[in-house]
Structure formats: structure tokens, C-alpha cells
Amino acid sequence: MIQLTALTKRYGDKTAVDDLTLLVRPGVVTGFLGPNGAGKSTTMRMILGLDLPTSGTATINGRAHHELPHPLRTIGSMLDARAAHPRRTAYKHLLYQAQTNAIPATRVDEVLDLVGLTEVAGKPAGSFSMGMTQRLGIAAALLGDPPVLVLDEPVNGLDPEGVRWIRALMRGLAAEGRTVLISSHLMSEMAMTADRLVVIGKGRLIAEGEIGDFTAAGSAVAVRTPESGVFARLLELAGAHVRPGPDDELLVTGMEAADVGRLAAAEGVTLFELSVRHASLEETFMELTRDAAEYGAAR
Ligand SMILES: Nc1ncnc2c1ncn2[C@@H]1O[C@H](COP(=O)(O)OP(=O)(O)OP(=O)(O)O)[C@@H](O)[C@H]1O
């Protein structure tokens, strides 16, 4: 697991990560989401010991990165898939990393096979397509067979087949009991891959929970009635929150659809329509991060 405690990073007067406390659990894929500049990469760099926190701590299975005897065997990462030397072959790129981390050379063949690069193992990394480069980055992350994986935007720039492959791989690794943290700035991407979501904005934790919690948070009961003014007041008196929706409907939150129907019946209000509306995850994400987007479109 990864534990962040009051993790903070300042660059001059810019706070990139602000008092972040978080537990990333094993056995599930955790999606780390936030608009551009939210602090995802900075957080990952601090987990990996590549950046020192201004304050707070980040531990991997109870230890800071610099305390790990064989880091690659505990935590695998991909921050930038283009990390390989362009003239070095995929095989050599992995072999050097294996040799400097006391990992047997046979593991290089295993991970090449795992990511489907065996046939091009002798080709220079610089000749690889985006998808192949991404696969090589993931092979390097898996080299030490680590229980914890941290991948920054692993789906970025991949074709649909590559995206499906990464999703299946991540889910398989989590199912083996590993801790898998993957970042993205797109909710739609995460919705298909992650079991849990952590949303940050301006370096701060905005929301955290199971994917289902996010869809539930975005849902509302839609009501159409010829007595909308009266019924809106009755709903609010009963503790619900009401806002106008399209086509004269009322969008009710904080009350179950059944209770909205019961209230209408008890008060003799005629209903033309009563239904549950689910906002898409993307809409929920936009709503959550509206104030946190660093360079959002003017509204
Ligand atoms: N080395 C640095 N020096 C100064 N500011 C930095 C540095 N690294 C990051 N920042 C700033 O910290 C903030 C968080 O950046 P970070 O790259 O962690 O965000 P992110 O969520 O990963 O964004 P993206 O999705 O765009 O990669 C940004 O405002 C960025 O400009």
C-alpha cells in the first residue's frame, strides 16, 4: 500500500501538493484524477523519492522510498514512457535496469513477453511507436515483479486496442493483490479501469471513493409537474434540494425517488414524470474540479 500523510510540496510560493493524506490500498486499481496542473505528477515523484516533500511523508508498504533495499522489487513506476535511450535496444534497456537491481536476466524475457514486445526486443527503443514505447515503459515497471505500481498517464496517446490491453493488465495486476495507482486527467478513461478514485485539484484532495459513489453523487430525481412552484417549496420544506432542469422539470437531490413520489401523493400534487437521472462520471468530475482547474476555459 501507499500511505501519504499531510504530503506537501512547494516550489517558491507555488503549492503544487497541499496537505495530501491518502491511503492507496492493495488489490484494487486506484485512479488518481485531477485537471492539468493539479499535482498528480508531483505527488508521484515524491512517492518515488524523485522529489523531496516540503513537509509530510509518503511511504510504500511502510517505508519511505529511500529506505527500500531493492526499490524496483517493491515499487515499479512509469512517469515518462520515453525514458529509454533511443539507440539502445528494448532488451538492453531492460537488461541494464535488471543488472543494477539484482534482478535475474531471465526476468527481462518474461516482461518482454508479458507486454508483447518479444519480437522487437532487438530493435532500438527510438524506433518504437507510441504504443510500443508505452509497453516498454510498463515492462520496466514490472521488471522487479513489484507489489506496488505507480503509472503516470499510462493510457495517454494509445489506440483503442492499446487502451484495452492496459486496462486488462492493470486489473489483472490488482487482482493478484498488488497496489496499482494510475493517474489521468480524463474521468472517462478512469471509469473503465479504476475501482477507486482519488480526485485532486490545486494539490488538494477533493474527493475519494469507489467509482459507484461518484455516479451516485451525480444522480438526481427529475420531476415534471404542472404545480412546479408549489411542489418545489414542499420538497425544500421536506429537506430536499431543488434546482430547475431542462423542459420545466425540477431536479431534486437529497431525497430518494420513492420519497418524492410519496410526498407528491400525500400533498395531492399531480406528477407527469418521476425518474432518476445519472450524471456521467465526466460531468461529476467537471463539477467536482470546476474551481480547481488551473487553466480552465473562461465561464
Ligand atoms: N519543478 C517545478 N518547479 C516549479 N513548479 C512546478 C514544478 N513541477 C511542477 N510545478 C507546478 O506544480 C503544479 C502541479 O504540477 P504537476 O505536474 O504535479 O500537475 P499534474 O496534475 O501532474 O498535471 P498534468 O496533468 O498537466 O501533468 C503545476 O502548477 C506546476 O506548474
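Two residues are in contact if their C-beta atoms, placed from the backbone, lie within 7 Å. Keep that in mind as you look through these close-ups, which show a predicted model.

**View 1. Helices α3 and α4 pack against each other.** Start with α3, residues 90-99, and α4, residues 106-114. Their axes are 9 Å apart, and the helices pack at an angle of about 130°. That angle makes α3 oblique to α4, because angles over 145 degrees would count as roughly antiparallel and those from 65 to 115 as roughly perpendicular. The crossing of α3 past α4 is right-handed. Which residues of α3 meet α4? They are A90, Y91, L94, L95 and A98, and their partners in α4 are R107, V108, V111 and L112.

**View 2. Helices α9 and α10 cross in a right-handed way.** Here the pair is α9, residues 228-237, and α10, residues 257-267. Their axes come within 11 Å, with a crossing angle of roughly 120°. On the α9 side, look for F231, L234 and L235; on the α10 side, find V260, L263, A264 and E267. What classes do these contact residues belong to? Six are nonpolar and one is charged, while none is polar.

**View 3. A shell of residues surrounds the ligand.** Which element supplies the largest share? It is α1, with three residues. By class, the shell holds seven polar, three nonpolar and two charged residues.

**View 4. Three strands form an open, antiparallel sheet.** Reading across, the order is β2-β1-β4. The edge positions belong to β2 and β4 (55-60). Each of these has a single partner strand, so one side of each is left without a neighbour in the sheet. Neighbouring strands are turned by 20° against each other on average, ignoring direction. Strand β1, residues 2-11, pairs with β4 in the antiparallel sense over five bridges. To find your bearings on this pair, look for I2, which stands opposite I60 in β4. Helix α1 packs on this sheet and touches β1, β2 and β4. The direction of α1 makes about 115° with that of β1.

**View 5. Six strands build an open sheet with mixed pairing.** This time the order to follow is β5-β6-β7-β3-β8-β9. Which strands stand at the edges? They are β5 (75-78) and β9 (204-210), each pairing on one side only. On average, and with direction ignored, neighbouring strands here are turned by 15° against each other. Helix α5, residues 130-142, packs on the sheet and touches β5 and β6 (148-151). The directions of α5 and β5 make an angle of about 165°. Another helix to look for is α6, residues 160-175, which lies across β3 (29-33), β6 and β7 (179-184). Helix α6 runs at about 150° to β7.

**View 6. Strands β8 and β9 make a hairpin.** Strand β8, residues 196-201, pairs with β9 in the antiparallel sense, and six bridges link the two. Two facing pairs can guide your eye. One has I200 opposite L205 in β9, and another has V198 opposite E208 in β9. How many residues lie between the strands of this hairpin? There are two. Finish your tour at K202 in this hairpin, which takes a positive phi near 50°.

Note on methods:
Residues are numbered from 1 along each chain as its sequence is written. This is a predicted model: local features need pLDDT of at least 70, side-chain atom pairs count only at pLDDT 80 or more; totals for chains, interfaces and linings use all residues. A residue is near a molecule or strand if its C-beta atom, placed from the backbone, lies within 6 Å of it. Helices (H or I, at least four residues) and strands (E, at least two) are DSSP runs, numbered from the N terminus. Ala, Val, Leu, Ile, Met, Phe, Trp, Tyr, Cys and Pro count as nonpolar, Asp, Glu, Lys and Arg as charged, and the others, Gly among them, as polar. Axes are lines fitted to C-alpha atoms, for helices over the stretch in contact, and angles run from 0 to 180 degrees between N-to-C directions. Angles under 35 degrees count as roughly parallel, over 145 as roughly antiparallel, 65 to 115 as roughly perpendicular and the rest as oblique. A crossing is left-handed if the near helix is turned anticlockwise from the far one by less than a right angle, and right-handed if clockwise. Two strands pair if DSSP finds at least two bridges between them.
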